[in-house]
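Visitor: Hi, I'm new to this one. Can you show it to me and take a few quick questions?

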Amino acid sequence: MKHLIDPTDLTKVETDQIISLAEDIISNPDNYNEKMRHRKLATLFYEPSTRTRLSFTSAMMELGGNVLGFSDAKSSSVSKGETVQDTVRVVGCFADVIAMRHSIEGAPLAAAEVSEVPIINAGDGSHSHPTQTLTDLLTIKCELGHIDGITIGFCGDLRFGRTVHSLIKALSRYNGIKVVLIAPDELRLPDYIKQDVCDRMGVAYKEVSTIEEVMGELDVLYMTRVQKERFLDEDEFDRVKDSFVLDANKMSLAKEKMAVLHPLPRVNEILPEVDADPRAAYFRQVRNGKYVRMALITKLLEWKNDPEHGMPEHEGEIIDPALRCTNKKCICNNEKVKPRFHISENGTVRCWYCDSKVK
Ligand code: CP
């Protein structure tokens, strides 16, 4: 059975099928308004959300289906100590597909291990956010007409930004992608993404420290939030913060045809004066999130019993029974989930659930 926990759970072909279906839904919405009649989506949101939860809800409604779930785990039996795995076993008795957001990294993967219905990761801590990635890919395709060959700048918090990590992974499977990393020293992209994704997949990348020096090269500028609390030194935050704010002056340096994306919510990293610029695509991106989730739900249920569309074959290993994940926010340090690991090509041992480097 196909779940979506990480963007690479979908093959490149499956990813493109979802994007193509989303484009068809945009063009012919009436063809899809009965597709999920009598089907139910459960949204289990253990963490706050506006876009992801409401776009899943809206997506299922537009497909003619129904939605149940919770947006505050305190109102469920989670507050009595029910585990993630028991919760999805129960909810799977009532729903055909489950979308889960959790602050604990790896929780959706642990859920998928026992679930009888497809699990969609709607964001797990700083780890992964694959439906945002599908939204981003669809938006790039809609705005530019293609994904291959783009130069994309990622700006802001590239260290903790799960949407950035997931999108770089997904883009690495397209041809001729160039990545420009625009971040303060404290928030640079982790080395393991540069090595395991960019170097391994042949994605060209460079690191710069201002938007201005690269703006004219970009087809897409992907903005993210720079949070003060990520800095050890408050003066350092004050010194760099304006370099990572997009305003009309910086937009004047951009190509005529380019797209500004942001997973939102924004705080002050894109000034409101940019919103009226036709290249500001972030609110169209939100709308695309509904269409791509409509396509994803449809495809996951179509693929559910098709052995051609299973999960990738690799599984985590118990390398040493004494080995533990070092990430306090990992599911295997919060619930009774057996720690398992995978070894990347450069020999680094990573947690199977949260991808944290263990040794
Ligand atoms: N982009 C995103 O995940 O937004 P929410 O946190 O509002 O769902």
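Visitor: Which domains does the lining of the largest cavity draw at least three residues from?
Guide: Domain 1 (7-129 + 287-309) and domain 2 (131-285) each give at least three residues to that lining. Keep in mind that this is a predicted model.

Visitor: OK, and what volume does the largest cavity have?
Guide: The largest cavity holds about 90 Å³ of space.

Visitor: Which residues line it?
Guide: The lining of the largest cavity is made of Arg51, Thr52, Ser55, Gln132, Thr135, His262, Pro263, Tyr282, Gln285, Val286, Gly289 and Arg293.

Visitor: Which helix gives the most to that lining?
Guide: That's α10, with five residues. Helices α2 (51-62), α5 (130-144) and α10 (282-303) each supply at least two residues of the lining of the largest cavity.

Visitor: How many of those lining residues are nonpolar, polar and charged?
Guide: For the largest cavity, you get three nonpolar, seven polar and two charged residues.

Visitor: What lines the second largest cavity?
Guide: Its lining consists of Leu4, Pro7, Leu10, Thr15, Pro130, Thr133, Leu134, Leu137, Ala170 and Arg173. Sorted by class, the lining of the second largest cavity has seven nonpolar residues, two polar and one charged.

Visitor: And where does the largest share of that lining come from?
Guide: From α5, which puts four residues into the lining of the second largest cavity. In terms of domains, at least three residues come from each of domain 1 and domain 2.

Visitor: Let's step back. Which domains is the protein divided into?
Guide: There's domain 1 (7-129 + 287-309), domain 2 (131-285) and domain 3 (316-359).

Visitor: What separates the centres of domain 1 and domain 2?
Guide: Taken over C-alpha atoms, the two centres are 26 Å apart.

Visitor: How many residues are in contact between those two?
Guide: On the domain 1 side there are 33 residues, in contact with 25 residues of domain 2. Between them, domain 1 and domain 2 bury about 2,300 Å², and 55% of that is on carbon and sulfur atoms.

Visitor: How many salt bridges go across that interface?
Guide: The rule finds one across the interface of domain 1 and domain 2.

Visitor: Which residue does Lys141 form a salt bridge with?
Guide: Lys141 pairs up with Glu23, and their closest N and O atoms are 3.2 Å apart.

Visitor: How many salt bridges does the structure hold?
Guide: It holds 20 salt bridges.

Visitor: New topic, the backbone. Which residues does a cis peptide bond join?
Guide: Leu264 and Pro265, with omega at about 5 degrees. Pro265 is in the loop between β9 (259-261) and α10.

Visitor: Last one. What phi does His38 have?
Guide: His38 has a positive phi of about 70 degrees, although it is not a glycine. You'll find His38 in the loop between α1 and β1 (40-45).

Methods:
Residues numbered from 1 in each chain as written. Predicted model: local features only at pLDDT ≥ 70, side-chain atom pairs only at ≥ 80, totals over all residues. Heavy atoms only, no water. 1 Å grid on protein atoms, 1.4 Å probe; cavity = no way out; pocket = protein on both sides within 12 Å on 5 of 7 lines; lining within 4 Å. Points joined across faces, edges and corners; volume = space filled by probe spheres on them. Nonpolar A, V, L, I, M, F, W, Y, C, P; charged D, E, K, R; others polar. Domains from an automatic or database assignment. Contact = heavy atoms within 4.5 Å. Buried area = accessible area lost by both parts, 1.4 Å probe. Salt bridge = Lys/Arg side-chain N within 4 Å of Asp/Glu carboxyl O.
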